[in-house]
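Please keep the sequence and the model in view.

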Amino acid sequence: MIAEVLSDVTTRMGKAVEVAKEDFATVRTGRANPQMFQKILVNYYGTPTPLDQLASLNNTEARTIIVSPYDKTALKDIEQAIRDVPNLGANPTNDGTIVRVTLPELTQERRKEYVKIVRTKGEDAKVAVRNIRRKGKDDLDALKSEVGDDDVARAEKELEQVTKTHIDAIDEALKRKETELLEI
């Protein structure tokens, strides 16, 4: 029973860390990266569809991404969806077959703004991990009558260690992203 609770908590915390890393990847740095376009939804025939399902993304130059749609009729919708993304600052151009997205050079002020955004996302991820810990602790407390106080106390110590490991992983990813953002 205790092992199941700890296994579930570890799995869920691992997923929270992965989501945090994916969120960090969506914040742009000085270089163009196809992952920045991962969460863009395009209004495709009235249905919000992820951009990576509608087109291939290629990084041709340091600050340029080429979006090649599988369906050429979706060009205008893709261009509009990219233009509507907040905090991207991109100006896509459509030549009839592809969409070329050139990202402007980041100013120092804009870099600091992005660091704040990334820190907020990191804090949200830590809150998610702590909520998972709280739920795991409640589940362990519910098992006290079945397995005894000593086993639950040991499991809670292990739970704290697992939580610390995952919080440290988020902090490490956050530190890497901040360094990447501030790099000129």
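## Helices α1 and α6

Helix α1 (residues 2–26) packs with helix α6 (residues 149–182) at an angle of about 10°, and their axes are 10 Å apart. That angle makes α1 roughly parallel to α6. The classes are set by angle: under 35 degrees is roughly parallel, over 145 roughly antiparallel, 65 to 115 roughly perpendicular, and the rest oblique. By class, 15 nonpolar, four polar and five charged residues form the contact of α1 with α6. Here Ala, Val, Leu, Ile, Met, Phe, Trp, Tyr, Cys and Pro count as nonpolar; Asp, Glu, Lys and Arg count as charged; the others, Gly among them, count as polar.

The model is predicted: local features need pLDDT of at least 70, side-chain atom pairs count only at pLDDT 80 or more, and totals for chains, interfaces and linings use all residues. Residues are numbered from 1 along each chain as its sequence is written, and side-chain values use heavy atoms, with hydrogens and water left out. Helices (H or I, at least four residues) and strands (E, at least two) are DSSP runs, numbered from the N terminus. Axes are lines fitted to C-alpha atoms, for helices over the stretch in contact, and angles run from 0 to 180 degrees between N-to-C directions.

## Helices α4 and α6

Helix α4 (residues 108–142) also packs with α6. The angle is about 170°, with the axes 10 Å apart. α4 and α6 are therefore roughly antiparallel to each other. Their contact has 14 nonpolar, five polar and 12 charged residues by class.

## Two residues of α6

His 166 lies in helix α6. At 12% relative accessibility, His 166 counts as buried (under 20% relative accessible area; exposed is over 50%, partly exposed in between, with a 1.4 Å probe and protein chains only). Beyond its neighbours within four places in sequence, His 166 is in contact (heavy atoms within 4.5 Å) with Thr 10, Met 13, Gly 14, Val 17 and Val 129. His 166 and Thr 11 are 155 residues apart in sequence, and 11 Å apart in space, C-alpha to C-alpha.

Thr 163 also sits in helix α6. Thr 163 is buried, with a relative accessible area of 2%. Its side chain reaches the backbone oxygen of Leu 159 at 2.8 Å. Leaving aside neighbours within four places in sequence, Thr 163 is in contact with Met 13, Val 129 and Arg 133.

## The four-stranded sheet

Four strands form an open sheet in the order β3-β4-β6-β5, with antiparallel pairing. The edge strands, β3 (55–61) and β5 (91–94), each pair on one side only. Two strands pair if DSSP finds at least two bridges between them. On average, neighbouring strands of this sheet are turned by 25° against each other, direction ignored.

β3 and strand β4 (residues 64–69) pair in the antiparallel sense over six bridges. Ser 56 has Ser 68 in β4 as its bridge partner. Helix α3 (residues 75–83) packs on the sheet and touches β3, β4, β5 and β6 (99–102). The direction of α3 makes about 170° with that of β5.

## The β1–β2 hairpin

Strands β1 (residues 41–44) and β2 (residues 47–50) pair in the antiparallel sense over four bridges. Tyr 44 stands opposite Thr 47 in β2. The hairpin has two residues between the strands, and Tyr 45 takes a positive phi near 50°.

Key: Polar contact = N/O pair within 3.5 Å; in protein donor to acceptor, adjacent residues only side chain to side chain.
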